[in-house]
Amino acid sequence: MKKRYWIPLLILAILIGGRIALPYWVTDYVNKTLEDIEGYTGSIQGVDLHIIQGAYAIDSLSIDKIEANNEVPFMTIEQIYFSLDWSALFRGAIVGDVLLVSPALNFVAPYQDDGEFGQEIDWPQMARDMMPIRIDRFAIENGLFRYRDFSTSPQVDIPVTNLELEITNITNAENTEQELPTHLELYATTIGDGYLGFVADLFLMNDIPNVDATLEIEQVYLPALNKFLEAYAAVDAESGEFNLYSEIVINNGIVEGYVRPLIVGLKIIDLEDPDGNVLEMAWEGIVGFLTEAFENQPEDQFATEIPLEGDLNNVETGIYPAIWNIFQNAFVDAFSQSAGGQIQFGDQ
């Protein structure tokens with residue numbers, strides 16, 4: 001073979017060899033990144049590269065707390081997809097998108113002084129380590145979140161399923177004069193087949209981000225929460241529908257907002273239950289009497305509105321306004337079953 005053919009063939013061989021070796025190198029790099037998470041252990045099964053698209057996918061990520069006293073994994077993700085944002089690239093910004101497919105996150109309540117909440121992990125930094133460019137869009141498809149407590153009787157397991165999340169313009173790659181340029185939307189199905197919706201506009205460049213957020217949890221079938229109610233309040237719900245509405249505004253570290261829990265058609269005790277414990281039935285009867293007494297009878301609802309105000313390091317929840325609002329709901333006006341419009345960003 002003539003010498004002039006050797007150089008192109010050698011370059012081609014190097015490129016092919018590099019393409020074959022690159023997934024193994026990226027897999028080792030990601031596993032090393034996961035090993036550096038203090039107090040946790042993590043691994044992935046492999047990496048799929050899409051060089052032409054400027055993307056790669058991580059398969060089967062798992063993260064566990066090393067000293068957890070349970071066998072529930074802290075986090076599993078079926079696939080993480082990292083890709084370059086070509087539209088931003090043409091505008092001169094090197095940013096990327098991150099998509100989590102079927103992530104499952106377990107928050108396990110403290111058990112023998114050993115919690116498993118992951119608050120000590122710098123999750124944004126971990127994502128940046130896996131994709132060393134700015135992340136401008138973050139999304140979740142088909143997510144699962146579970147709150148679990150193995151220390152109670154009965155044990156508590158509250159899942160949130162079908163979770164869909166999208167956060168756009170995280171790094172403010174586009175030149176904009178908007179006060180709150182980053183947009184977040186989250187939708188999911190709660191335990192009891194309820195609806196969860198969370199929408200927020202944010203400015204993330206401050207040390208304390210500016211936020212204008214609305215939360216709605218609606219039509220949660222209360223008997224589905226009976227294990228939670230039995231474990232923490234020693235009562236059962238025979239019927240009823242739980243709703244929660246909240247607005248939160250954070251402007252230059254000042255917090256203003258409210259949380260409005262609202263229950264419709266609540267029935268605490270079934271007097272026809274032949275297997276009911278006498279003491280439990282007595283306590284349930286007291287709770288049922290109090291909720292019935294302070295229920296708005298025309299609307300068949302029990303509700304209060306808890307104001308939130310102060311700075312981010314010392315949020316004050318007013319207990320007396322909360323108690324007054326119970327009376328107001330019962331004897332004056334029923335609270336509306338919706339959130340939004342009461343508090344506007346910039347009104348503080």
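# Contacts, strands and salt bridges in a predicted chain

Guide: Among contacts between residues at least 6 apart in sequence, 58% join residues at least 24 apart. Contact means heavy atoms within 4.5 Å.

Visitor: What kind of model is this, and what are the ground rules?
Guide: This is a predicted model: local features need pLDDT of at least 70, side-chain atom pairs count only at pLDDT 80 or more, and totals for chains, interfaces and linings use all residues. Residues are numbered from 1 along each chain as its sequence is written, and side-chain values use heavy atoms, with hydrogens and water left out.

Visitor: What does the pLDDT average, then?
Guide: The chain averages 75, and 61% of the residues score at least 70. pLDDT is the predictor's confidence in each residue, from 0 to 100.

Visitor: Where is confidence lowest, and where highest?
Guide: Lowest in strand E6 (residues 114-116), at a mean of 44. Highest in E9, at 96. Over residues 111-117 the pLDDT is below 50. That stretch still has 26 contacts in the model beyond near neighbours in sequence. Where pLDDT is low, the predicted coordinates should not be read in detail.

Visitor: How many helices and strands in total?
Guide: The chain has 6 helices and 16 strands. Both are DSSP runs, numbered from the N terminus: helices are H or I with at least four residues, strands are E with at least two.

Visitor: How much of the chain is buried?
Guide: Of the 348 residues, 40% count as buried. Buried means under 20% relative accessible area, exposed over 50%, partly exposed in between (1.4 Å probe, protein chains only).

Visitor: And what is the accessible surface?
Guide: About 19,900 Å², of which 57% belongs to carbon and sulfur atoms. Areas come from the Shrake-Rupley method with a 1.4 Å probe; for residues, only the protein chains shown count as cover.

Visitor: On to strands. How do E7 and E8 run?
Guide: Antiparallel. E7 (residues 134-149) and E8 (residues 156-168) are joined by 10 bridges. Two strands pair if DSSP finds at least two bridges between them. E7 and E8 form a hairpin, with 6 residues between them. Arg137 stands opposite Thr168 in E8.

Visitor: How many bridges between E9 and E10?
Guide: E9 and E10 (residues 194-203) share 9 bridges, again in the antiparallel sense. Thr190 has Gly194 in E10 as its bridge partner. This hairpin has 3 residues between the strands. Gly192 takes a positive phi there, near 75°.

Visitor: And E10 with E11?
Guide: E10 and E11 (residues 210-221) pair antiparallel over 9 bridges. They form a hairpin with 6 residues between them. Gly197 stands opposite Glu216 in E11.

Visitor: Switching to charges. How many salt bridges?
Guide: The count comes to 4. A salt bridge is a side-chain nitrogen of Lys or Arg within 4 Å of a carboxyl oxygen of Asp or Glu.

Visitor: What does Arg137 bond with, and at what distance?
Guide: Arg137 forms a salt bridge with Glu166, the closest N and O atoms being 2.9 Å apart. Arg137 is in E7 and Glu166 in E8, 29 residues apart, so the pair links distant parts of the chain.

Visitor: Why do those two count as partly exposed?
Guide: Arg137 does because its relative accessibility is 29%. Glu166 does because its value is 35%.

Visitor: Which residues make up the salt-bridge pair at 3.7 Å?
Guide: Arg148 and Asp157, N to O. Asp157 is partly exposed, with a relative accessible area of 28%.

Visitor: What about Arg260 and Glu305, buried or exposed?
Guide: Arg260 is buried, and so is Glu305. Their side chains meet in a salt bridge at 2.9 Å, N to O. Arg260 lies in strand E13 (residues 254-267), and Glu305 in the loop between E14 (301-303) and E15 (306-311), so the pair ties together parts that are 45 residues apart in sequence.

Visitor: Last one. Where is Glu35?
Guide: In helix H1 (residues 6-35). Glu35 counts as exposed because its relative accessibility is 55%. Glu35 and Ile63 are 28 residues apart in sequence, and 9.6 Å apart in space, C-alpha to C-alpha.
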